[in-house]
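Work through the exercises below with the sequence and the model in view. Try each task before reading its solution.

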Amino acid sequence: MSLRAELEVARKEHADLVEQVKIFEVSDDELDTVTNGRNPQVQQKIDRIDQLRAENDAVKAEAEEWKGRIDRLASEKETTRVQLTSAEVQLQAAKEKNKVWAQRVEELRSQLSSAVSDRETLVKELETAKSVVTVVKADAGKMVAQYKADAEAT
């Protein structure tokens, strides 16, 4: 009989303890806590758990925000890298064009130098020809004068 009495007492204590223990309810991926409120220490722990969950949610939200920023910066970095590559290609093309133009300018300078040299040669030939013409004209003038003198004398 005493064992039955002890068993009954133990069951009552167990029931009392169960009433004091926190009860968990699960709904839609969230863990909600419910208590009967008889034990203030349990309620304080539940409140602390709720506070920590709220802080955890805030940290998760901040982490998501930072992840979004990192993703945006990565995208901007890639865009900048593409723009830089494009600018490098354009710069290389401009350098090639500049090289071609520099060669063309050198060719034109060479042709100009040759034309100036040819002009100077022609100027010298013209001066020589003018001298010859002056001498021939003077000789022709003398010959004409001599022929006139001979013609008058005849």
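**Exercise 1. State where confidence is lowest and where it is highest in the protein chain.**

Solution. This is a predicted model, in which local features need pLDDT of at least 70 and side-chain atom pairs count only at pLDDT 80 or more, while totals for chains, interfaces and linings use all residues. Residues are numbered from 1 along each chain as its sequence is written, and side-chain values use heavy atoms, with hydrogens and water left out. The score pLDDT is the predictor's confidence in each residue, from 0 to 100. Then go to the elements: strand 1 (residues 23-27) has the lowest confidence, a mean of 50. The highest belongs to helix 2 (residues 40-153), at 93.

**Exercise 2. Determine what share of the residues counts as buried and how much area the protein chain exposes.**

Solution. A residue is buried under 20% relative accessible area, exposed over 50% and partly exposed in between (1.4 Å probe, protein chains only). Of 154 residues in the protein chain, 4% count as buried.

**Exercise 3. Count the salt bridges, then describe the one between Arg81 and Glu78.**

Solution. The rule asks for a side-chain nitrogen of Lys or Arg within 4 Å of a carboxyl oxygen of Asp or Glu. Applied here, it gives 6 salt bridges. In one of them, Arg81 meets Glu78 with N and O 3.4 Å apart. Both residues lie in helix 2, 3 residues apart, about one turn of the helix. Arg81 is partly exposed, at a relative accessible area of 43%, and Glu78 is partly exposed at 42%.

**Exercise 4. Decide whether Arg109, a salt-bridge partner of Glu106, is buried or exposed.**

Solution. The N to O distance between Arg109 and Glu106 is 3.3 Å. In helix 2 the two are 3 residues apart, about one turn of the helix. With a relative accessible area of 53%, Arg109 is exposed. Glu106, at 46%, counts as partly exposed.

**Exercise 5. Name the residue whose charged end sits over the ring of Trp66.**

Solution. The test requires NZ of Lys or CZ of Arg within 6 Å of the ring centre and within 35 degrees of the ring normal. The residue is Arg69, whose charged end is 4.7 Å from the ring centre of Trp66.

Notes:
Helix = DSSP H or I, 4+ residues; strand = E, 2+ residues; numbered from the N terminus. Areas by Shrake-Rupley, 256 points an atom, 1.4 Å probe, with all protein chains shown as cover.
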